[in-house]
Amino acid sequence: MKITKDLTIPKLFYEKAGQYGKGRVAMREKEFGIWRPITWHDYFQNVKYLTLGLIRLGLEEGDKVAMIGDNRPEGLWAEMATICARGVGVWLFQDCLIDEVKYIIDHSDTKFLFGEGQEEVDKAISVFNECPKLERIIWDDPKGMRDYNQDYLISLKEVQDLGRELEQQQPELFEKMIQKGHGDEVALLFYTSGTTSLPKGALLSHNNMLTMGQHLMAVDPCMETDDYASYLPFAWIGEQMMSISCGLQVGYTINFPEKPETGQENIREVGPHVMFAPPRMYEQMTRTIQVKYLDATWMKRKFYALSTKIGYHVADLKFQKKRIPWYWAFLQWLAYISVQKKIKDHLGLSRVRNAYTGGAAMGPDHFRFFHALGVNLKQIYGQTEVAGISVVHRSGDIKFDTVGHPIPETEIKITEDGEILTRSPSVFLGYYKNPEATQETLIDGWLYSGDKGFIDDDGHLVVFDRTKDVFTLRDGRPFSPQYLETRLKFSPYVRDSWVIGDKREYVTAVICIDYAVVGNWADEKKINYTSYQELSQMPDIYNLVEAQIRQANKDLPETARVVKFMNLYKEFDADDDELTRTRKLRRAFVEKRYQDIVEALYLDNDNVHIDTTIKYEDGREAHIKTDLHIRKVEE
Amino acid sequence: MTESNKPKEQDILMELEDVHMFFGKVCALAGVSLKVRKGEIHSVIGPNGAGKTVMMNIINGLYSPQKGNIFYKQKKINALKPFERAQLGISRTFQKVEVFGGMTVLDNIRLGRHIHMKSGITTGSIYLGKTAREEVEHRNFIEEQIIDLLEIQHIRHKPVGMLPYGLQKRVELGRALALEPELLILDEPLAGLNLEEVEDMARFVLDISEEERWRVTCILVEHDMGVVMDLSDRVFVLNFGNMIIDGTPDEVQNHPEVIKAYLGEEDLYATRA
């Protein structure tokens with residue numbers, strides 16, 4: 001298919017819906033315990049009436065419509081309807097706090113807001129008066145909505161009814177709207193997660209999105225009979241890329257889990273053919289296996305250990321692009337039928353042809369782990385500003401410390417300072433209401449990423465770290481803290497880690513233990529504890545973490561090894577601004593927030609006194625007064 | 001009680017009339033009268049050992065009082081057994097969860113549907129026509145009305161015994177709802193739950209009481225005064241088998257004897273917040 005400048009997302013949608021009609025399933029949702037299919041015809045009808053309803057409510061060209069909610073067909077309909085009505089879609093993370101909701105609604109000049117149910121509507125109502133441009137709040141799940149009678153609230157069904165009325169008066173209107181429009185017009189306004197500052201709104205055109213999908217599909221084609229599971233937030237560009245950019249072009253079936261909590265279980269039922277998730281999802285899967293391994297019987301553990309050994313050996317041969325001898329291939333087959341097949345099935349990976357990870361750094365250990373299982377996991381590199389990705393591994397040419405080659409029609413250049421630049425048809429139009437940032441980021445069609453990297457001898461791009469995050473070690477060498485952090489996170493006991501040591505005498509780390517896994521471990525050892533805080537400070541747990549750190553230190557140069565560490569009294573949380581919504585560490589923020597800790601790690605102290613207040617999700621506050629231990633890692 | 005507050009006869013769903021209950025020489029209830037109006041949440045509070053659970057057991061038929069009458073929809077039900085009362089539409093949860101630990105969540109809830117099963121042993125063994133249709137209907141009811149309401153989709157197929165206490169309580173509520181009751185007795189539904197679980201449970205109770213689909217009359221036995229005062233239409237205060245007051249939450253909170261006997265003179269609000 002050729003993507004011309006005239007092609008827009010609605011035009012493609014119209015074409016595909018006409019082509020597939022009632023004969024093909026566009027999406028499936030698990031509802032009330034049963035997978036319910038939605039054909040392209042149903043999809044089309046729902047979007048059509050929603051589009052007309054929005055027009056009837058007064059949506060005009062270029063108006064912003066925001067959406068907040070879990071992954072459900074209705075969310076995708078709302079987005080598609082907004083674009084069909086020539087509006088601009090804005091997605092918010094489902095777990096956004098009220099301040100973030102307010103900032104984005106206000107900054108984007110949102111006119112209508114789709115909130116899934118009571119929780120989202122509550123958030124919207126609480127910011128309604130502070131966002132003068134916001135006119136209507138549209139909801140769709142009636143649960144708990146019985147006592148809401150604000151006149152600016154309207155249900156999705158009512159909007160569709162308005163659409164039906166409008167169709168009777170102007171039967172041609174929807175087709176006319178679809179035929180209008182040009183590929184360079186803005187389709188989506190996407191707020192970036194912002195590791196450093198307030199979120200910035202990236203303007204993405206129809207052409208940006210469509211070329212993105214086409215180029216990714218040129219590398220790893222999907223088929224229309226494929227299944228895709230949509231369970232990551234729509235507010236993440238990766239999910240948009242798979243559901244809209246690729247989904248619309250290929251026409252595969254998008255499957256929505258019943259609830260966020262049932263995601264993993266539902267994915268297993270679907271058995272998707274393609275998967276794109278940030279590293280934390282894969283980290284979680286790894287942790288699940290590692291923990292189950294610890295709980296398994298002696299026999300199972302032996303089998304697992306043996307199959308992993310085989311898996312790693314074969315994966316390493318593949319990494320080195322060596323031929324796999326027949327006896328290893330045979331052993332690999334044995335490992336597959338006895339162990340790997342079952343593990344892959346439990347993780348929902350049994351049919352996956354290509355699994356992608358991106359959005360943050362993934363450690364080499366995790367990466368090798370999945371390849372040893374026989375999962376074709378590939379790194380990608382990209383950002384919201386290129387509507388998804390620009391660089392990806394090719395099958396059979398995978399190196400776990402690189403992100404691969406650029407996708408078609410994409411150029412990658414490294415500046416003298418080592419900054420990665422990208423140029424492609426998918427590079428965004430600019431930031432909304434922020435010309436300064438646009439000027440800094442977009443120069444002569446090149447996107448300045450702010451990431452440091454280089455191109456290796458095989459032409460693979462290696463992403464080092466965010467430029468401003470790169471450390472200078474005491475011997476003057478540059479070092480990526482992210483690399484060490486991801487290595488530490490390979491331990492199932494470590495949920496998050498934060499490595500410190502820029503221009504310092506030595507490297508230190510702050511560890512957030514995984515409450516569930518470490519808690520389990522403590523239960524088995526008959527160690528009593530009442531809270532995360534107490535558990536994290538126990539000497540036994542320090543010993544446990546120390547062992548993990550020693551493991552990660554193993555093959556690092558001496559100056560890059562973690563010398564001291566401490567366990568934090570809480571987990572990092574996006575609600576406390578410590579992480580972005582996609583769970584990237586906001587380094588500058590934590591450095592400021594935990595200044596005392598950073599200082600103490602570079603003094604001769606054995607502990608650091610903490611006197612602070614933490615805020616719970618429901619607004620309650622708790623005062624924490626405690627001493628945190630600092631441990632030196634023994635060689 | 002003011003004149004306007006007096007319940008009209010036809011509004012009353014369940015009534016206890018001068019109920020006495022003795023265990024040997026111990027008097028658990030000494031002439032208690034209670035009128036529960038249709039559609040309301042009527043709370044029963046009182047210190048430990050006041051006789052709250054005894055009262056619930058009498059309504060539900062586990063105990064028969066030595067003296068006094070129980071009316072349900074103006075009919076005397078003293079002689080009815082618990083299962084017969086269940087058929088009339090009286091359902092309950094227990095202070096200490098009484099679920100079948102080895103069975104899945106779904107099976108536990110299905111048990112509550114049992115009294116609505118019409119097909120007999122013959123049609124059941126053939127499993128055609130009526131039985132199959134009936135099963136689909138029950139399945140829809142459980143999935144659409146109960147599992148969705150209580151948000152327990154993720155544990156549907158898990159054995160109840162392996163679940164945390166808070167979820168077990170939810171499952172028990174689910175089973176009680178599967179009966180499609182008109183009167184639901186909730187015996188300390190919040191005991192042992194953490195703050196978040198309390199909030200969820202309070203929301204479910206409100207949904208059951210207010211949602212058009214349900215409109216279930218609830219008798220709520222609870223110690224968490226914050227929740228009781230927020231949720232209830234009326235509060236009945238019991239102390240050592242005697243009623244102190246039966247009134248609106250405001251009346252109860254300002255009643256001097258209640259303050260003395262239960263709420264504590266200094267600490268008027270014994271709540272978790």
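1. Two residues are taken to be in contact if their C-beta atoms, placed from the backbone, lie within 7 Å. The model is predicted. On this criterion, chain A contributes eight residues to the contact and chain B nine residues.

2. The largest nonpolar core comprises 133 residues. Those with the most contacts inside it are A:Ile9, A:Ala81, A:Leu92, A:Leu113, A:Leu204, A:Ile389 and A:Val391. Helix H2 (residues 40–57) of chain A gives the most to this core, namely nine residues. Because domain 1 (9–273) and domain 2 (276–350 + 352–467) of chain A both supply residues, the core lies between them.

3. Residues up to four places away in sequence aside, A:Leu92 touches A:Ala66, A:Met67, A:Ile68, A:Val101, A:Ile104 and A:Ala235. A second, separate core has 69 residues, among them B:Ala28, B:Val105, B:Ile109 and B:Leu177.

4. In helix H3 (residues 105–112) of chain B, the buried residues are B:Val105, B:Leu106, B:Asn108, B:Ile109 and B:Gly112. Seen down the axis of H3(B), these residues fall within an arc of 160 degrees and therefore line one face of the helix. Their cover includes helix H5 (130–150) and helix H6 (165–178) of chain B.

5. Strands E17 (residues 411–414) and E18 (residues 419–423) of chain A run antiparallel and are joined by four bridges. A:Glu411 stands opposite A:Arg423 in E18(A). The two strands form a hairpin with four residues between them, and A:Gly418 in the turn has a positive phi of about 90 degrees.

Terms used
Residues are numbered from 1 along each chain as its sequence is written. Chains are lettered from A and ligands numbered from 1 in the order in which they are written. This is a predicted model: local features need pLDDT of at least 70, side-chain atom pairs count only at pLDDT 80 or more; totals for chains, interfaces and linings use all residues. Two strands pair if DSSP finds at least two bridges between them. A residue is buried if 20 or more other C-beta atoms lie within 10 Å of its own, exposed if 12 or fewer, and partly exposed in between; C-beta atoms are placed from the backbone. The arc is that of the directions from the helix axis to the C-beta atoms. A nonpolar core is a set of buried Ala, Val, Leu, Ile, Met, Phe, Trp, Tyr and Cys residues joined through C-beta atoms within 7 Å. Domain bounds come from an automatic or database domain assignment.
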